[in-house]
Amino acid sequence: MKKSILVLLLMAGVMSLSAAEPQKTTVNVAVQQNEKHADIKFETLTHDFGTFSEANPVVKCVFTFTNVGDAPLILHQAIASCGCTVPTYTKEPINPGASGQIEVTYNGKGKFPGRFTKKITVRSNARENSVVNLTITGEMTKE
């Protein structure tokens, strides 16, 4: 008896939650379709530094992107997969049609020579691709 009452109460709770969900109207859908959104497009998602010497272990590259949306694009963060890679990025909003840059510095000082692959995760307010992963690769040789 206690189990059946508990089951009935749970069912009533689920039904009340589903009934409380707001219904989409054609007005809401129309407003959503007219909203402006930012979208980000990179010229390239990868960069290969090639081979460089341990004697000059700091290398840099620039990833260029464009706001292909119709609202300002804001980069929230750019985070590297390790401390030897440091991204710096455009902090101001990027207007529709405008471009920005993410400069990535790899510092191999004190690291073992050899091949490396590092990821940079970029988060923005873009509608379609709000998280983009950039990749740098290269090979540092002994002096």
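R127 counts as partly exposed at 48% relative accessibility, where partly exposed lies between buried, under 20% relative accessible area, and exposed, over 50% (1.4 Å probe, protein chains only). This is a predicted model, in which local features need pLDDT of at least 70 and side-chain atom pairs count only at pLDDT 80 or more, while totals for chains, interfaces and linings use all residues. Residues are numbered from 1 along each chain as its sequence is written, and side-chain values use heavy atoms, with hydrogens and water left out. Helices (H or I, at least four residues) and strands (E, at least two) are DSSP runs, numbered from the N terminus.

**Salt bridges**

- The whole structure holds three salt bridges, a salt bridge being a side-chain nitrogen of Lys or Arg within 4 Å of a carboxyl oxygen of Asp or Glu.
- One of them joins R127 to D39, with the closest N and O atoms 3.6 Å apart. This pair links distant parts of the chain, since R127 sits in the loop between β7 and β8 and D39 in the loop between α2 (26-34) and β1, 88 residues apart.
- Shared partners join D39, R127 and E128 into one network.
- E128 is exposed, at 62% relative accessibility.
- R115 and D48 meet through their side chains in a salt bridge of 3.9 Å, N to O. Here too the pair links distant parts of the chain: R115 lies in strand β7 and D48 in strand β2, 67 residues apart.
- R115 is exposed, with a relative accessible area of 53%, and D48 is partly exposed at 45%.
- Side chains of opposite charge can pair when their charged atoms come close.

**The open sheet**

- Four strands form an open sheet in the order β1-β3-β6-β5, with antiparallel pairing; two strands pair if DSSP finds at least two bridges between them.
- The edge strands β1 and β5 each pair on one side only. From one strand to the next, the twist averages 25 degrees, with axes as lines fitted to C-alpha atoms, for helices over the stretch in contact, and angles running from 0 to 180 degrees between N-to-C directions.
- β3 and β6 are antiparallel and pair over nine bridges.
- β5 and β6 also run antiparallel, joined by five bridges.
- In a regular strand the side chains alternate between the two faces of the sheet. Strand β5 (residues 85-89) has a covered face made of T85, P87 and Y89, and an uncovered face made of V86 and T88.

- Y106 belongs to strand β6 and is buried at 4% relative accessibility.
- Opposite Y106 in β6 stand V59 and T85.
- Not counting residues up to four places away in sequence, Y106 touches F49, F52, P57, V58, V59, C84, T85, K111, F116, K118 and I136, contact meaning heavy atoms within 4.5 Å.
- Y106 and T137 are 31 residues apart in sequence, and their C-alpha atoms lie 9.6 Å apart.
- T85, in strand β5, is buried at 3% relative accessibility.
- Leaving aside neighbours within four places in sequence, the contacts of T85 are A80, V104, T105, Y106, K118, I120 and I136.

**Nonpolar core**

- The largest nonpolar core has 27 residues, and I102 and I136 touch the most other members. Such a core is a set of buried Ala, Val, Leu, Ile, Met, Phe, Trp, Tyr and Cys residues joined through side-chain atoms within 4.5 Å.
- At least two residues of the largest core come from each of β1 (40-42), β2 (46-53), β3 (58-67), β4 (75-80), β6 (99-107), β7 (114-124) and β8 (131-141).
- Beyond its neighbours within four places in sequence, I102 contacts F42, C61, V62, F63, F65, L75, P87, T88, Y89, V122 and L134.

**Cysteines**

- A search of the whole structure finds zero disulfides, a disulfide being a pair of cysteine sulfur atoms within 2.5 Å.
- C61 is buried, with a relative accessible area of 6%.
- C84 is also buried, at 8% relative accessibility. C84 is among the residues touched by Y106, and C61 among those in contact with I102.
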